[in-house]
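Please look over the sequence and the model shown here. The report after them is meant to be read alongside both.

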Amino acid sequence: MTKEESGELWARIREEYIQSDLSLRKLSEKYGVSKRQLERRSAREGWPALRERSRDSGGALAGNTARRLEETVEKMLKLLQQDFEDQQQFHRYLVKTKGAEELEERIFRKLDTKALKEVTAALKDLKAMLQGGEDDQDNQVRVVFEAGEEDWNE
């Protein structure tokens, strides 16, 4: 193993120790490094203190991330709400007619199922984010129209 590869290996082990709950023994088994070497290097470089600091700041970071995520979700929901107020939203198509160089927006009776599925997928993602990525079975969205109800989860 070259000196550079060795340095990369130790950096990877150090990061994994700091960011995870793995013990030095488990890391020695995983990376094929003696436990004694890990103990010495860990003590010399202060890995336990770094792990502790990482965990202490992790709670604050998680709170900030959750708050930013919640704000982003709220903004996305407002945009979706505006889109849903337009009753023709899923009937609009961009069409290029013969001889015309630009696309023209037209409204047809046919429902744009692709756009509707994309919005439904976005809603499922938003729901999962708000729930913290909980069980996948709960991440279903039902779309209801005046004419009836259709399941777009597939």
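**The chain as a whole**

The structure is a predicted model. Its protein chain contains five helices and four strands. In sequence order these elements give the pattern α-α-α-α-β-β-α-β-β. The chain has 154 residues, and 20% of them are buried. Its accessible surface is about 11,800 Å², and carbon and sulfur atoms account for 48% of that area. Contacts can also be sorted by separation along the sequence: of those between residues at least 6 apart, 35% join residues at least 24 apart.

**Helices α1 and α3**

Two packed helices are described by the angle between their axes and the distance between the axes. Helix α1 covers residues 3–19 and helix α3 covers residues 35–45. Their packing angle is about 75°, and their axes lie 12 Å apart. Because angles of 65 to 115 degrees count as roughly perpendicular, α1 is described as roughly perpendicular to α3. On the α1 side, the residues that meet α3 are Trp10, Ile13 and Arg14. Their partners in α3 are Gln37, Leu38, Arg41 and Glu45. Sorted by class, this contact has three nonpolar residues, one polar residue and three charged residues.

**Helix α2**

Helix α2 runs over residues 24–31, and its buried residues are Leu24, Leu27, Ser28 and Tyr31. After α2 comes Gly32, which has a positive phi near 70°.

Is each of them buried or partly exposed? The cut-off for buried is under 20% relative accessible area. Glu16 has 17% relative accessibility, so Glu16 counts as buried. Arg14 has 28%, so Arg14 counts as partly exposed. The table lists these values.

| Residue | Relative accessibility | Class |
|---|---|---|
| Arg14 | Arg14: 28% | partly exposed |
| Glu16 | Glu16: 17% | buried |

Which residues does Arg14 touch, not counting those up to four places away in sequence? They are Glu45, Trp47 and Leu50. One of these, Glu45, is also among the α3 residues in the contact with α1. Arg14 and Arg51 are 37 residues apart in sequence, and their C-alpha atoms are 9.5 Å apart in space.

With neighbours within four places in sequence left aside, Glu16 is in contact with Leu22, Leu27, Lys30 and Tyr31.

How values were computed: Residues numbered from 1 in each chain as written. Predicted model: local features only at pLDDT ≥ 70, side-chain atom pairs only at ≥ 80, totals over all residues. Heavy atoms only, no water. Helix = DSSP H or I, 4+ residues; strand = E, 2+ residues; numbered from the N terminus. Buried < 20%, exposed > 50% of the residue type's maximum accessible area, 1.4 Å probe, protein only. Contact = heavy atoms within 4.5 Å. Areas by Shrake-Rupley, 256 points an atom, 1.4 Å probe, with all protein chains shown as cover. Axes fitted to C-alpha atoms, helices over the stretch in contact; angles between N-to-C directions. Parallel < 35°, antiparallel > 145°, perpendicular 65-115°, else oblique. Nonpolar A, V, L, I, M, F, W, Y, C, P; charged D, E, K, R; others polar.
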